[in-house]
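Please keep the sequence and the model in view while reading.

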Amino acid sequence: MHSTKTANPKQNLPPIVLGSSSSFRKQLLEKLHLDFEQASPQIDETPLPQEAPEQMVVRLAQEKAEALTAHYPDHILITSDQCAVFEGQAIGKPHTEDNAFRQLNRFSGRSIRFYTSLHVRNTRTNKDYEALDITDVEFRELDEDVIRRYLEIETPFNCAGSFKSEGLGITLFKAIRSQDPNALIGLPLIELTEIFYRMGYRLPLTTDQN
């Protein structure tokens, strides 16, 4: 028996840029074993008048790619945006413990929805791809002691919704309903893999450079 080497698809893969400074998105993209660099797109993220949250995240991910295109003319740009919604209103990051407590206290026994957009621009081929993940998070009945203990341990004050689903925040939930658990953390990897397939790159790619 003898083995046959297949062509290395990485040889034709454009350099990849993650258009985000988020450490969470960086860790997620690293799961796919792809080499990439990070760049922070500078855009105005103010919602437009009467703009629905799901429309906003799609628009912002596209604008992030637009902002980076001129700097990366032969690359694959990956951008994303996320918005949490409760009772029809967008939820921001709490930033303080008091705000985080108020958020989680309101969510007790209720559900919130996360819209996570994905935009991929191949500037080599001038083609764009996009996707939108919808994730519903149902909370347990949370008493004040549980909320206080959680916030003291994990301090999720820079996280929309005041929790880290990849960490201890999972203890707050009754259920998560999603196509892709990675989307809740910030990047829909199943949809991203599908987009790479559509571009002609079937993940995982070989690491053999010879």
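For the charge count, Lys and Arg are taken as positive and Asp and Glu as negative, while His and the chain ends are not counted. Each charge is placed at NZ of Lys, CZ of Arg, CG of Asp or CD of Glu. On that basis, the mean positions of the 23 positive and 30 negative charges of the protein lie 3 Å apart.

The model is predicted: local features need pLDDT of at least 70, side-chain atom pairs count only at pLDDT 80 or more, and totals for chains, interfaces and linings use all residues. Residues are numbered from 1 along each chain as its sequence is written, and side-chain values use heavy atoms, with hydrogens and water left out.

**Fold and surface**

- The protein contains six helices and seven strands, where helices (H or I, at least four residues) and strands (E, at least two) are DSSP runs numbered from the N terminus.
- Starting at the N terminus, the order of elements is β-α-β-α-β-β-α-β-β-α-β-α-α.
- The C-alpha trace spans about 60 × 50 × 25 Å along its principal axes.
- Of the 210 residues, 45% are buried (under 20% relative accessible area; exposed is over 50% and partly exposed lies in between, with a 1.4 Å probe and protein chains only).
- Among contacts (heavy atoms within 4.5 Å) between residues at least 6 apart in sequence, 67% join residues at least 24 apart.

**Largest pocket**

- A pocket is an open set of points on a 1 Å grid over the protein atoms alone, where a 1.4 Å probe fits, with protein on both sides within 12 Å along at least five of seven lines; lining residues have an atom within 4 Å of a point.
- The largest pocket holds about 840 Å³ of space.
- Its lining comprises 33 residues, of which Arg 25, Gln 82, Lys 93, Asn 158 and Ala 160 lie nearest the centre.
- Two or more lining residues come from each of helix H1 (23-30), helix H2 (53-69), strand E3 (76-86), strand E4 (89-91) and helix H5 (181-185).
- E3 gives the largest share, four residues.

- Ser 117 lies in strand E5 (residues 111-122) and counts as buried because its relative accessibility is 1%.
- Beyond four places in sequence, the residues that Ser 117 touches include Val 57, Thr 79, Asp 81, Leu 132 and Pro 188.
- Ile 176, in strand E7 (residues 173-177), is partly exposed, with a relative accessible area of 36%.
- Thr 135 is 41 residues from Ile 176 along the chain, and their C-alpha atoms are 7.1 Å apart.
- Leaving aside neighbours within four places in sequence, Ile 176 contacts Thr 135, Asp 136, Ile 170 and Leu 184.

Definitions and conventions. Points joined across faces, edges and corners; volume = space filled by probe spheres on them.
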